[in-house]
Every structure is written in structure tokens, then in C-alpha cells.
Amino acid sequence: MNIGVVGLGLIGGSIFKNLLEGKKHSVVGISRSVNEFNVSKDYNNLKGCDIVFVCTPMNVTLEILDKLNDILDEKTIVTDVCSLKEFVSKKSYNYKFIPSHPMAGTEHQGWEYAFPDLFEGATWAVTPKNDTDMKDFEVLKTVIEELGANTILTTPQEHDKAVALISHAPMLVAQALCKNIEDNELAQKLAASGFRDTTRLAMSNVEMANDMVVMNRENIKDVVRILNANIDNLFDSDYKEEAKKIKSFRENLYG
Ligand code: NAP
């Protein structure tokens, strides 16, 4: 197959490097900054691609998808990799657009940090549109599986709620925990592996973190409300009752 990748940062660069290494497909990259064989600035090089992965920041992805509308025809399958799915799912294009989101990443960004095994064992959410032909989904799924990931089908709305629970709100909470110790030098000195593990998500790519919070704020606010209620419910004026609640909270945790 001919496969195109737009935006060779952490995600796009990792897709590109993996496909290049796999040597199964012919790969073309579109990048403003990477100078490599098979990479150019010219979107016209995507003409004739069977699949195009759009891997740009969320705040520019709609613009890129619009641009592709003038270049690609109805035979090309296009997917994006945005961390949110509802906002990209609203429009229709000349090409076959199947929104998706790989659940893989690191705190780094850019081509230098991209590596071919990033998606090994990862889950890759796909949110087909009403008019998506499932044969096209199967084609996309084959390539996603070659990248090392397993697909999961869902709706854009359910996806955005779920990622608020497992990724976006946890990132904010991690940042809030870091802020908590800002003025306490002793706490900073005592902080060890437990605090580091709990706050790892705080160091997300700043542009992506900002997009996530601004674009998924209602779902994130719901999660923070539930989180506050879960913690508040543990406290009780009766010490014994409180100890019981805390014990059962831990014992009944998911996973
Ligand atoms: P990244 O490392 O910053 O890569 C984004 C790339 O997009 C840049 O390297 C740049 O590539 C290109 N780009 C940036 N601004 C652009 C603009 N104005 N116009 C055109 N191209 C532009 O970020 P990333 O982590 O790969 O994130 C990319 C997408 O993946 C985002 O939509 C994000 O939500 C999603 N995602 C991220 C993660 C994660 O953990 N990082 C996980 C899953 C999904 P060139 O220099 O090559 O043009």
C-alpha cells in the first residue's frame, strides 16, 4: 500500500519510522521540519495514497483535514490520531475519513523522540462514522495491527468521556499535586519514587495538554467532581466508620 503521514512528531514520526522499518509499504511523509528521504513539504505527494495518517496537534488538525479535501480523492482512507474524537467527527470529506486515537505516547514531543515500537501492545481507539464502510475499517485495522496495536471500536462521545477519566483529568490532578509542594522545600526533598510515579503525567507535552483541557473541559470537570465526591465520602466524624470506609475503598478498587 501507499501510506502517507502528515506531521512527523512523536506520533507521526513513530508511525513513519515503523512503516519504513517494516518495508511492507511505500511511505511518504509530509513535514515542515524533517529532512529525510521520502519526506517533503508538498501535500500533493499524498495523491494516490491508500491511507493517510494525520498526526498534527489538535488545534490545527481540522485545517489539515480541510486541506486534504482538495488533494485526495474518494479512494483514500484518512485517519487522524487526535486525543479527542468528537470535534473531528462532525465534518464529512471527499475522502474516507475514519477518526482514531492511539493510546500510546511519552512526555516527549518531536521527530527526535519518535521510535518505531511506540505502539507495541497499545490499544488504538477507532470511531467510525455512520457512513464508514467496514471494509475500509478492516484495511486501516490491518495497518494499525502491523504497527503493533489492537483496535477498539467506540463512539466519539464515549471515547472523549473515557479519556477524560483515564488521561486528561489524571494529568490535571498530577499537575495539582506538583503545585501542592511548590512552597514546601522539605516535601520536595523527601519526594521519592511514589510521588514521581503518581505525578508522571504532569509533564505532558504543553501544547497537547492545553488542547486537551480546553477542548474536553466539560468531561474533565465531571471527572473532577466525581473525584472530589469520592474523597469527601471517605471522611466521617466517626473515626471507626472512617477507617472502615477507607479500608473498603482500597479493597474494592478496580483492577
Ligand atoms: P508532536 O510531537 O508535537 O508532533 C506534532 C507534529 O505536527 C510536529 O512535530 C509538526 O511536525 C506538526 N505540526 C505542528 N504544528 C503544525 C502546524 N501548525 N501545521 C502543520 N503541522 C504542524 O506531538 P504528538 O505528541 O506527536 O501529537 C500529535 C497528535 O497526536 C496530537 O493530535 C495528539 O493529540 C495526538 N496524540 C498524542 C499522544 C501523546 O502522548 N503524545 C498520544 C496519542 C495521540 P513537522 O515538523 O513534521 O511538520
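Good morning. Please keep in mind throughout that the structure before you is a predicted model.

I begin with the overall division. The chain falls into domain 1, covering residues 2–154, and domain 2, covering residues 158–254. The centres of these two domains, taken over C-alpha atoms, lie 31 Å apart. Where they meet, domain 1 contributes 15 residues to the contact and domain 2 contributes 15 residues.

How is the size of such an interface expressed? It is often given as the accessible area lost when the parts come together. Between domain 1 and domain 2, the buried area is about 1,200 Å², and 60% of that comes from carbon and sulfur atoms. Which residues of domain 1 lose the most area to domain 2? They are Met58, Leu84 and Glu107, which together account for 37% of what the domain 1 side buries.

Let us turn to the polar side of this interface. The rule finds 0 salt bridges between domain 1 and domain 2. It does find 6 residue pairs in polar contact across the interface. On the side of domain 1 that touches domain 2, the elements giving two or more residues are helix H2 (58–69) and helix H3 (86–89). By class, that side of domain 1 has 6 nonpolar, 6 polar and 3 charged residues.

My last topic is the sheet. Its 6 strands form an open sheet with parallel pairing, in the order S3-S2-S1-S4-S5-S6.

For S3, we may look at the pairing in detail. Strand S2, residues 26–30, runs parallel to S3 and is joined to it by 2 bridges. Within S3, Ser40 is the bridge partner of Ile30.

Thank you for your attention.

Technical notes
Residues are numbered from 1 along each chain as its sequence is written. This is a predicted model: local features need pLDDT of at least 70, side-chain atom pairs count only at pLDDT 80 or more; totals for chains, interfaces and linings use all residues. Side-chain values use heavy atoms; hydrogens and water are left out. Domain bounds come from an automatic or database domain assignment. Contact means heavy atoms within 4.5 Å. Buried area is the accessible area (1.4 Å probe) that two parts lose on being put together, summed over both. A salt bridge is a side-chain nitrogen of Lys or Arg within 4 Å of a carboxyl oxygen of Asp or Glu. A polar contact is a pair of N or O atoms within 3.5 Å; within protein, one must be able to donate a hydrogen and the other to accept it, and residues adjacent in sequence count only if both atoms are side-chain atoms. Helices (H or I, at least four residues) and strands (E, at least two) are DSSP runs, numbered from the N terminus. Ala, Val, Leu, Ile, Met, Phe, Trp, Tyr, Cys and Pro count as nonpolar, Asp, Glu, Lys and Arg as charged, and the others, Gly among them, as polar. Two strands pair if DSSP finds at least two bridges between them.
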